[in-house]
Every structure is written in structure tokens, then in C-alpha cells.
Amino acid sequence: METILTSTTCQLTTFRSPSSSSSSSLPLKFSSSIAPTLRDTRKKAVAASPVRRRPANPAVPLRVRANSQAAPASAEAAKAAGVPGEMKAWVYGEYGGVDVLKFDPKVSVPEVKEDQVLIKVAAAALNPVDAKRRQGKFKATDSPLPTVPGYDVAGVVVKVGSQVKELKEGDEVYGDINEKALEGPKQFGSLAEYTAVEEKLLALKPKNINFVQAAGLPLAISTAYEGLERTGFSAGKSILVLGGSGGVGSLVIQLAKHVFGASRVAATSSTGKLEFLKSLGADLAIDYTKENFEDLPEKFDVVYDAVGQCDRAVKAIKEGGIVVALTGAVVPPGFRFVVTSKGEVLKKLNPYIESGKVKPIVDPKGPFPFSQVAEAFSYIETNRASGKVVIHPIP
């Protein structure tokens, strides 16, 4: 049994094409609880025989348009490569609460494009964006339903595309499978046995951490790092982190202190997590249940707001200071950004992880087994997690 101490511690891009006659289509199979199972495509190929009309069927087969020009691999080819044609996954076919999540044992394994690798998922992590996406908060730019959710992944490469240059079968990797969090995220996410990911979004897993720890890093550490870069943060500057015990906040503290060279790091949390903040490198731990951070005489060069309190955060900065806000209303000089995930950022930070200067933080309630994905979603939506909510093992 693995014990994770909180104190120490790609792609099948899918879209609906307006001109179906010119695009190839790939079947994405879900069980009847989510969408009708597709008929075997071989039954549709009746060469040199007249077209026969069938009675109307109220169950319309789900089809997904794919921008890959490569023909889908046959089931025989997949078996020869040791990869099954179907996999277990969590899916939802409509937007809504946790109850829309369904376990499906017969989801098609995603095809691998030329610049992608197929990963056998060992662990996956949840992020607030997973819940917001499931709730339909950015449906205008989402991939088609039904969807396998999940951004963060850690696992083993089992198949590589023809244009993959560095990764090979057997490599242990981790990454955020979506380059842009809100713009066409993958229909085949990481909460499944397999997921397809572009090579450029991945990095080799640091040798000193396990799959559970690695799965919790990509999206959060990329967000923490890019936010600090966008503020112009550098050695000698001070920072206040709002929500320092959360998935992003816990990494902002560590990166600011050990990577960027902050002169002083302050962070907020509830009473029971103050020592946790100090263990991460915070010089000042502020109990938000007992004092208002904006009323403190000390002011900061940067406030990293991970909880949605920008209106208060702007009162805690020095003249010329700046606030980066991840959620909630933004008040100048605050700003918000949507992270761009890059494997290069993970590669750059790997030495800090392998040296122990930056530690992955897994919430002590986890990891949640694959059978409890719905419970894990409910938990992350309480906003009370310390570090990351991770799903492991995955069948």
C-alpha cells in the first residue's frame, strides 16, 4: 500500500464537420446507458449490391467527425499491438451535476494521430475545470457529447504515431492532455484506460515520484508557473497566495520560493492548514477565518488569487503591484489568463521535482479508486481539498 504524505509532498481532436460528405467518420462507442452502440461498420459495407432501405430506428447511432486523415486502425491491428479495441471509461452524455457521470465498459479506444502517443493510463487527476466543463459552463467551445472527462494523466506509452520524435513505447510520462483548457478539449479524456495525446504536451515522469503524484501535477503546475511568468515575477519580489493549500496555490508557493527566488511568500488558508503552508515554504501563514489579509500593514509585489477575491486582493499590493486571478470577477490591476499546457514547461521543472525542491501534493482523502470517480468529483466541488484529487488505480 502506498502512503502519500501531504506534508512532503494526444489526442483524437474531434469536431462536428459542417460538410460530412468530405470528412471521414470514426465511431465512438458507448454503452446503451450513454448512447446507442454503433452497428458493426462491416455490415455497412455491402459492395456491388443494391442499397436496401431499413425501417426507421429511433436510436440514431453516434458518430464523431475526426480531422485525422489516417484511416482508423482495424481491430486486428489493435490486437496485434497489444491494445484492445474497447476500454473502460467514465462518460457523460449531457451536461449537469455529478449524477450525469456514468461508468461505461465499452468505449472505443481513441485512434492515434501522427503526432500523438497512446497512453495506458495509470492515474488521472481532477481539476476545477473538469467540474465546470461537465456543468456546461463552456459548452460553446467544448467537444461533442458524449465525453470522457479528464485533463491530467500519468501512465505508460503503448503506441506512437509516425511523426513522434522522442517518446517511445514503454516510456513513463505525464502531462495535461489539452493544450488549451477551454478550446476544444479532447472528447477522449484521461478518466479511461487509454488516452491519446500529442507528444508536445508530455514529459517523462520524474524518477523520484510515482504515478499518483505525477498525475496531480501537470495542469496545476503549468497554471502556477505561467501565472507567475505573466506577472513578471522574479527573484527578490514578494507574493501573497490566496488559497495556498489548494492544488494550484500549493505549487505557487513552492515555485515562487524555490524556482523564482521570492524574497517573501505569504499565503492564506483555514486554521488547520497553517503549518502545511509553512512546510511548503510560506514565510507567513494567514488564517483567513481570523484576519483580513487586505488589512495587514504588509503589502506585496504580486497577489496570486486562486479563490476569486480579486476585489480584496488589489488592496494588498504595493504601488505598481499586480494581481493574477484564476476565478471570479477581475478588478484592475488584476488580470486573468487561460493556461497553455506545454510539455516543455514540465521538462523545465522536472529537475526541481527530482531534487525535492518542488513536491507534488496529493489530498489525504485520495487517491480515489476508479470506481469512485463520481465521489471524487463531489469532493473537489467542495473546494476543500488540500493539494490534488487523484484517481488511482485505473484498470
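## Helix 4 against helix 5

In this predicted model, the axes of helix 4 (residues 218–230) and helix 5 (residues 249–258) cross at roughly 50° and come within 9 Å of each other. Axes here are lines fitted to C-alpha atoms, for helices over the stretch in contact, with angles from 0 to 180 degrees between N-to-C directions. Helices are DSSP runs of H or I with at least four residues, strands are E runs of at least two, and both are numbered from the N terminus. The two helices are therefore oblique to each other, a label for what is left once angles under 35 degrees (roughly parallel), over 145 (roughly antiparallel) and 65 to 115 (roughly perpendicular) are set aside.

On the helix 4 side, the contact (heavy atoms within 4.5 Å) is made by Ala220, Ile221, Ala224, Tyr225 and Leu228, and these meet Leu251, Val252, Leu255 and Ala256 of helix 5.

## The sheet and its helices

Now for the strands: six of them form an open sheet in the order 12-11-10-13-14-15, with parallel pairing. Pairing requires at least two DSSP bridges between two strands. Strand 12 (284–287) and strand 15 (334–335) are the edges, each pairing on one side only.

Helix 4 packs on this sheet, touching strand 10 (238–242), strand 13, strand 14 and strand 15, and its direction makes about 145° with that of strand 13. Helix 5 lies across strand 10, strand 11 (264–269) and strand 13, at about 170° to strand 10.

## Reading the values

Residues are numbered from 1 along each chain as its sequence is written, and side-chain values use heavy atoms, leaving out hydrogens and water. Local features need pLDDT of at least 70 and side-chain atom pairs count only at pLDDT 80 or more, while totals for chains, interfaces and linings use all residues.
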